Amino acid sequence: MNGPRNLISLRDFTPQDVVEIFKLASDMKKSGAKYREALSGQTLAMLFQKPSTRTRVSFQVAMAQLGGVAIQLRDSDLQLSRGESLADTARVLSAYTQGIVGRMGSHGDLVELAKHSTVPVINGLTDLLHPCQALADYFTLTEKKGPLDGRKVAYIGDGNNMCHSLLYGATRVGMNIAVATPAGYEPKSIILKSVNREAKHAGIEVVLTEDPSAAAEGADAIYTDTWLSMGRESEEAERLSAFRGYQVNANLMRKAQSDALFMHCLPAHRGQEVTADVIDGAQSVVWLQAENRLHVQKAILYLLMRA
């Protein structure tokens, strides 16, 4: 990979970088044993300001399977809790480790961490973006559908960090994307502006609508996420009202291709953004998405930390 040493956003990677990640992830999934010493002697610092299941466990297991070590850190474990700056923390962690995963409350905090780090910094989720998840999602689609050029993914729900990264990812893999959100819950305008520029260059279509059925029409995959992202719990009543009508159910799935896949980054709330029969049904690939976090992140760690 000739790209940057950090993964802050999928904008950091070219389509060719993504192809390289997917090829390596596929090989690691099939023949993981041959990479078991790839990061021997290396240590990954995992700075997590938010709760996590998939990101935390998959990165820790990934480092173990590559022969390295992962250290889990919370603000309360560090001098950050006593006022030490992120800049100073980044400098110190850079002296001890060969990479940092940040799962941060604020995207600006991750950018600050990367600015002062001398080792690769990987975005494990911020309030703006979730690139590792999106890479695993598109890798899952390539496994199930083959080449993605000209295919369509429909995202239904909140225009959140997951939506933002799926938009950027679509421009990297050549998929058309339709996003259906209630008024007031659209993706951020700054994201849409840059995505539309890149979509034009990539020759893909980006559609923003308030109509879930229109977004789902002819889609090869329908994707949703929780309506209550971390930090939004106080908005529960307002959001449940706003998103009524945006549930992914059997009727909405029938608007898509007959072999369309259902996708969700998890955790899911059955009966809210998705019905149980869809997420637990034959078209669902949510568990494969979760599994592929491990393989794609192993590829990311290998490519960034061995550079």
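This is a predicted model: local features need pLDDT of at least 70, side-chain atom pairs count only at pLDDT 80 or more; totals for chains, interfaces and linings use all residues.

Student: How many of the 15 residues of helix α5 are buried?

Tutor: Twelve of the 15 are buried, so α5 is largely enclosed by the rest of the structure. Among these buried residues are Pro131, Cys132, Phe139, Leu141 and Lys145.

Student: What span does α5 reach from its first C-alpha to its last?

Tutor: The span is 21 Å, close to the 21 Å expected for its 15 residues at 1.5 Å a residue. Gly146 follows α5 and has a positive phi, near 80 degrees.

Student: Let us turn to sheets. In what order do the five strands of the open sheet lie?

Tutor: A sheet is read by finding which strands pair, and two strands pair if DSSP finds at least two bridges between them. Here the order is β7-β6-β5-β8-β9, and the pairing is parallel. The edges are formed by β7 (206-209) and β9 (261-264), each of which pairs on one side only. On average, neighbouring strands of this sheet are turned by 20 degrees against each other, with direction ignored.

Student: Over how many bridges do β6 and β7 pair?

Tutor: Strand β6, residues 176-180, and β7 pair over four bridges in the parallel sense. Ala178 stands opposite Val207 in β7.

Student: Which strands does α5 touch when it packs on this sheet?

Tutor: For packing, one reads both the contacts and the angle between directions. Helix α5 (residues 131-145) touches β5 (152-156), β6, β8 (221-224) and β9, and its direction makes about 165 degrees with that of β9. Helix α6 (residues 161-173) also packs on the sheet. The strands touched by α6 are β5, β6, β7 and β8, and its direction makes about 160 degrees with that of β6.

Student: What is the order of the open sheet of four strands?

Tutor: That order is β2-β1-β3-β4, with parallel pairing. At the edges stand β2 (69-74) and β4 (121-125); each has a single partner strand, so one side of each is left without a neighbour in the sheet. From one strand to the next, the twist averages 20 degrees. Strand β3, residues 99-103, pairs with β4 over four bridges in the parallel sense. The bridge partner of Gly102 is Asn123 in β4. Helix α2 packs on this sheet and touches β1, β2, β3 and β4, its direction making about 175 degrees with that of β1.

Student: Let us look at single residues in helices. Is Arg56 buried or exposed?

Tutor: Arg56, in helix α2 (residues 54-65), counts as buried because its relative accessibility is 18%. Apart from residues up to four places away in sequence, Arg56 touches Met46, Phe48, Lys50 and Gln72. Met46 is ten residues from Arg56 along the chain, and their C-alpha atoms are separated by 7.8 Å.

Student: Which residues does Glu198 touch, not counting those up to four places away in sequence?

Tutor: Glu198 touches Arg11, Tyr168, Thr171 and Arg172 under that condition. It is found in helix α7 (residues 189-202) and is buried, with a relative accessible area of 16%.

Student: How many aromatic pairs does the count come to?

Tutor: Rings of Phe, Tyr and Trp pair if their centres lie within 6.5 Å, and planes over 60 degrees apart count as edge-to-face. By this rule the count is six aromatic pairs. Phe22 and Phe139 have ring centres 5.6 Å apart and planes at 55 degrees, so the pair is tilted. This pair links distant parts of the chain, with Phe22 in helix α1 (residues 15-30) and Phe139 in helix α5, 117 residues apart. Both Phe22 and Phe139 are buried.

Student: Why is the pair of Tyr35 and Tyr302 edge-to-face?

Tutor: The ring planes of Tyr35 and Tyr302 stand at 90 degrees, with centres 5.7 Å apart, so the pair is edge-to-face. Tyr35 lies in the loop between α1 and β1 (43-48) and Tyr302 in helix α12 (residues 286-305), so the pair ties together parts 267 residues apart in sequence. Tyr35 counts as buried, at 11% relative accessibility.

Student: Which residues do ring pairs link into a cluster?

Tutor: The cluster consists of Tyr185, Trp227, Phe243 and Tyr246, linked by ring pairs.

Note on methods. Residues are numbered from 1 along each chain as its sequence is written. Side-chain values use heavy atoms; hydrogens and water are left out. Helices (H or I, at least four residues) and strands (E, at least two) are DSSP runs, numbered from the N terminus. Axes are lines fitted to C-alpha atoms, for helices over the stretch in contact, and angles run from 0 to 180 degrees between N-to-C directions. Contact means heavy atoms within 4.5 Å. The expected span of a helix is 1.5 Å times one less than its number of residues. Buried means under 20% relative accessible area, exposed over 50%, partly exposed in between (1.4 Å probe, protein chains only). Rings of Phe, Tyr and Trp (its six-membered ring) pair if their centres lie within 6.5 Å; planes under 30 degrees apart count as stacked, over 60 as edge-to-face and the rest as tilted.
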